[in-house]
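Colleague: I am new to this structure and would like a guided reading. Could you take me through the strands, the metal site and the pocket?

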Amino acid sequence: MNGANTHDEIVSCASVITDEQAKFFLNNGFLILRNIIRGEELRRLRAAMDDLTASGSETVREHPDFAYGSGHRTGRSVLRRIEYVIDKADECKALLGHPFILRSVEKLMGPDYIPTWDSMVLKLPREGIEVPWHRDAGTECVGDTPIFNVDYYLDAADEDTCVWVIPGSHRWSRAEVDAIVQQRDFHQETAVPALMRPGDVMFHNILVLHGSPRNGSDKLRRVIYYEFRAAHVEAALGPHIPEYIPLKQRVLLDCIERRKTTEYIARTEEPYEYQPPAPWNTVVREAASKPKTHRYPHGAYWRR
Ligand code: NI
């Protein structure tokens with residue numbers, strides 16, 4: 001057994017990231033966790049996302065949740081992103097309730113976190129769409145806690161298909177960020193490739209510079225992104241109106257409950273308990289808190 005495997009097993013048995021991992025995330029703006037989604041859960045997720053990928057790529061969907069780019073070889077519309085995957089697949093609902101991930105989100109962000117974005121980003125074979133260097137949306141709404149995405153890898157990511165990250169750039173000035181964004185070269189001296197295997201997870205701060213070149217290889221690379229924000233920051237700064245917070249808390253609670261009865265989840269798994277402090281705990285105290293939907297479109301909840 002090599003060193004990497006030993007490390008994987010330590011991570012997968014733990015109930016939350018270590019203090020050392022938390023410190024790495026805070027210093028670097030990202031953290032890679034190996035072998036988090038495993039076995040039947042990974043197989044089910046991949047199968048569900050195979051169906052979604054096929055439904056969005058065999059024909060061009062005239063639906064706002066399916067986003068396309070222009071293929072660099074043929075100029076055809078190439079699927080690059082699907083929004084609101086939690087609404088689209090029960091496997092994604094169970095995934096949101098993953099206890100190791102939620103305990104780790106709580107450790108880094110505090111107990112009043114809410115789920116915000118849920119998307120799948122794709123690098124299709126041969127004409128995978130480039131994602132230029134960027135910080136994620138809503139950086140003007142960052143408060144006193146880190147805001148970050150949890151990136152669940154369904155496929156391997158190698159140097160042909162991976163995301164590049166610039167460690168520490170979440171602390172950079174606007175001018176330093178602009179200097180990188182204006183040039184399109186991914187092989188920055190300071191950039192590192194996020195080399196991943198199916199089931200690996202990356203946390204990335206929305207302020208850390210990241211991006212990925214177009215994919216000319218025959219490999220498919222898909223990642224599910226769940227973003228989390230602290231309720232007190234969302235209430236103070238947005239980008240959504242405050243009414244968005246309890247709606248998304250209901251989605252989270254429902255997904256935690258669903259995971260408990262999902263047949264491919266081990267019965268030995270210790271479920272996550274969501275206990276946000278007051279005044280964010282009203283939804284938790286309600287007896288019936290089923291969400292009306294799992295799809296709350298961002299555009300309907302922006303602040304004026
Ligand atoms: Ni991004």
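**Reading the strands, the metal site and the pocket**

Modeller: Strand E7 (residues 163–165) pairs with E8 in the antiparallel sense over three bridges. Trp164 stands opposite Pro193 in E8. Strands here are DSSP runs of E, at least two residues long, numbered from the N terminus. Two strands pair if DSSP finds at least two bridges between them.

Modeller: A word on the source. This is a predicted model, where local features need pLDDT of at least 70, side-chain atom pairs count only at pLDDT 80 or more, and totals for chains, interfaces and linings use all residues. Residues are numbered from 1 along each chain as its sequence is written, and side-chain values use heavy atoms, with hydrogens and water left out.

Colleague: In what order do the four strands of the open sheet lie?

Modeller: The general idea comes first. Strands of a sheet pair through backbone hydrogen bonds, either parallel or antiparallel. Here the order is E5-E10-E7-E8, with antiparallel pairing. Strand E5 (131–134) and strand E8 (192–194) are the edge strands, each pairing on one side only. Neighbouring strands of this sheet are turned by 30° against each other on average, direction ignored. The axes behind such angles are lines fitted to C-alpha atoms, and angles run from 0 to 180 degrees between N-to-C directions.

Colleague: How many residues of strand E9 are buried?

Modeller: Buried means under 20% relative accessible area, exposed over 50%, partly exposed in between (1.4 Å probe, protein chains only). Five of the five residues of strand E9 (residues 201–205) are buried, so E9 is largely enclosed by the rest of the structure.

Colleague: Which way do the residues of E9 point?

Modeller: In a regular strand the side chains alternate between the two faces of the sheet. Val201, Phe203 and Asn205 point one way from E9, Met202 and His204 the other way, and all are buried. E9 also has partners. Strand E1 (residues 30–33) pairs with E9 in the antiparallel sense over four bridges. Leu33 stands opposite Val201 there. E6 runs antiparallel to E9, joined by five bridges, and Phe148 has Asn205 as its bridge partner.

Colleague: Why is strand E4 largely enclosed?

Modeller: Eleven of the eleven residues of strand E4 (residues 113–123) are buried, so the rest of the structure largely encloses E4. Strand E3 (residues 77–83) runs antiparallel to E4, joined by three bridges. Strand E11 (residues 221–230) pairs with E4 over nine bridges, also antiparallel.

Colleague: Which residues are the protein donors of the nickel ion?

Modeller: Donors are N, O and S atoms within 2.8 Å of the metal (3.2 Å for Na, K and Ca); water is not among the atoms, so sites may look incomplete. Here they are His134 (NE2), Asp136 (OD) and His210 (NE2), lying 2.1 Å from the nickel ion. Their spacing along the chain is H-x1-D-x73-H. Asp136, in the loop between E5 and strand E6 (148–153), and His210, in strand E10 (residues 210–212), are 74 residues apart and link distant parts of the chain. His210 is buried, with a relative accessible area of 6%.

Colleague: Which strand gives the most to the lining of the largest pocket?

Modeller: E4 does, with four residues. E3, E4, E5, E10 and E11 each supply at least two residues of that lining.
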